[in-house]
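Hello,

Here is the structure I promised to pass on.

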Amino acid sequence: HDHIVNTLIINAAECEPYITADDMLMREHADEVIRGIEILAYLLQPSHTLIGIEDNKPNAIRALTDAIKTSEQAIDLVVVPTKYPSGGERQLIKLLTGIEVPSGKIPADVGIVVQNVGTTAAVYRAAHFGEPLIERIVTVTGDAIDHPQNLYTLIGTPFRTLLEHCDIRDDYLSRLVMGGPMMGVTVESQQIPVIKTTNCIIAATEKEMPAAPPAQPCIRCGMCEQACPAQLLPQQLYWFSKGKEFDKAKNHNLFDCIECGACAYVCPSSIPLVQYYRYAKSELRSEEIEQRKADHARQRFEARIARKERELLEKEEKRKARAAQAAQVQAEKKAGSSDIDTSAKPDGAALKTAAAVARTKLKKAEKALLAAQEAGETEAQLSELRQAVSDATQKAEAAQEALDKGKRASGTPSSASDELKSLKVAAAVARTKLKKAEDALKNAQSKGLEGIEKLEQTVRKLAANADSAQQAYEQAQQSSDAEPHDAKIDLKALKQQVSIMRTKLKKAEAKRAETDNPESADLEIASLKERLTKATEAAEQADSKLITQAASKGIDLKQLRIDAAMARASVTKAERALTKNDDNSLIPELTSAIEDARKCAEALATQLSEFE
């Protein structure tokens, strides 16, 4: 669409010796060639259509002349001298029109389109019969062939099939070439298939195509320059390619070389010039590909940097917007502070936060005191830290008391379970403080530090507080158990408490053998045993209550537990069977079984959750 085509040229000149495939096509199917030319002329609308054919094809010339007479298209048949490589695209254009295609350009840039006669025949078959390119004419020749001939060959046929059809003599075969003797390539296997560009197969003997002699130094005779049809400087291109000066070779129009091999053929030093040119072209193409990749990577990197900068700017703008919004909200709060009712109730969330902060400060102060005692600090420093702990304790207690008052003032008194939970937490905190004080006392006694008497007083005081907190919790628990209510029994929590007590008891018994104060360890073990007994009794009583409640509803809770456990075991067993299964036909059945077992287990678990 971006080129104006003035001339359509049909290349009917065989490009190399030995090859007669196009000659046979024009002799046998001249009408198809002309009909294909008409289709191309309809598509391109050229002002002039030419057929260039060499003068060594009289039968093809006669067949095309007769076929042109039946065509309404203005087609000129031009006979050119037989001279290699007159079948080259640029060389044929120069012969027929006198126009030279500039370096780096294509024929369409000068208003010319060139097509081969094989292409015109394929266009005709495709347009009139919807037939793709599934066959072509292949010339099978060479001195190792008894009956050289042109064969209509299906694409994909192995070379060996064609060679056997033409009676190849394997004893004489020295080299198998695909293409012509000048531009063809040697193939190592006879099982290579025919492709759409396979126009000739040469089975040559050693005498017909002898091995190339070793290359000799260039004598600068200039014969290669005289033989070059593209009017290049093969000698300079050779030096640049050999010296890997590829940019200089490119500047000397390396890519205008059609690799016809004429320069290598006439070289008296037997230098493989074409191989050097192909090597230089491949290196230049590789460099171009790498350059494109590097440019693409650079563009991606620059785009990434720009994207990062843009994201940073967007984040900064969002941050400024949030800051402005926060400042506006703060200003509105200050402006409306005079309208706030002073009799409003305290903010429960703020009191809760204050209590948490006070507890955190107390914990930090206790840690600082313990670290100072371990480090052997002076008594003055220890006194300051003890005073800080005392102040933090008072503040924590005050904050907790304010929180409790806030809850009562909010009009939503806590339930019995909440009060029991608070007492439980208080008992745990008291025990933790006692343990830390005991550890500090042991450390001070072992290191002979000062202030042991004060630490002993602190331990006695904390022990009394821990006992009173534990008694308050146990009394509240007993009273809550004694009160008749419909609250749900948390059997899982009670069993967990039994497990915790049992673990603590084992640890205490294990530590008794290592401690220097066995009497204190015995007291701790006795206390833990008593608490374990109470926790066990509470769990058993809760279990009995659950069984009684379930029996009142006509449900056997023990059997329900057994059924739920068996259902879970069935799911696990089915999943293992699916993992170990090697028969794909059983997968749907096993999957269905797993789904059914899972549904049953979920139903039993749901029923059991009503009681536990």
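A word on exposure before the residues: buried means under 20% relative accessible area, exposed means over 50%, and partly exposed is in between (1.4 Å probe, protein chains only). This is a predicted model, so local features need pLDDT of at least 70 and side-chain atom pairs count only at pLDDT 80 or more, while totals for chains, interfaces and linings use all residues. Residues are numbered from 1 along each chain as its sequence is written, and side-chain values use heavy atoms, with hydrogens and water left out.

Salt bridges

I counted a salt bridge when a side-chain nitrogen of Lys or Arg is within 4 Å of a carboxyl oxygen of Asp or Glu. By this rule there are 18 salt bridges. One of them joins D146 to R169, with the closest N and O atoms 3.0 Å apart. This pair links distant parts of the chain, 23 residues apart: D146 sits in the loop between β5 (135-141) and β6 (149-154), and R169 in the loop between α6 (159-165) and β7 (175-178). (Helices, H or I of at least four residues, and strands, E of at least two, are DSSP runs numbered from the N terminus.) R169 is partly exposed because its relative accessible area is 31%, and D146 also counts as partly exposed, at 41%.

Within helix α17 (residues 518-552), E530 and K534 are four residues apart, about one turn of the helix, and their side chains meet in a salt bridge at 3.6 Å, N to O. E32, R125 and E131, meanwhile, are linked in a network of salt bridges.

Cores

A nonpolar core here is a set of buried Ala, Val, Leu, Ile, Met, Phe, Trp, Tyr and Cys residues joined through side-chain atoms within 4.5 Å. The largest has 31 residues, and I34, I51 and L64 touch the most other members. Among the elements that give two or more residues to this core are β1 (7-11), α2 (30-44) and α3 (58-69). Of these elements, α3 gives the most, with six residues. Apart from this core lies another, of 18 residues, including C224 and F246.

A buried serine

S86 lies in the loop between β3 (75-80) and α4 (89-97). S86 is buried, since its relative accessible area is 6%. Leaving aside neighbours within four places in sequence, S86 is in contact (heavy atoms within 4.5 Å) with E54, P81, Q91, L92 and L95.

Best wishes
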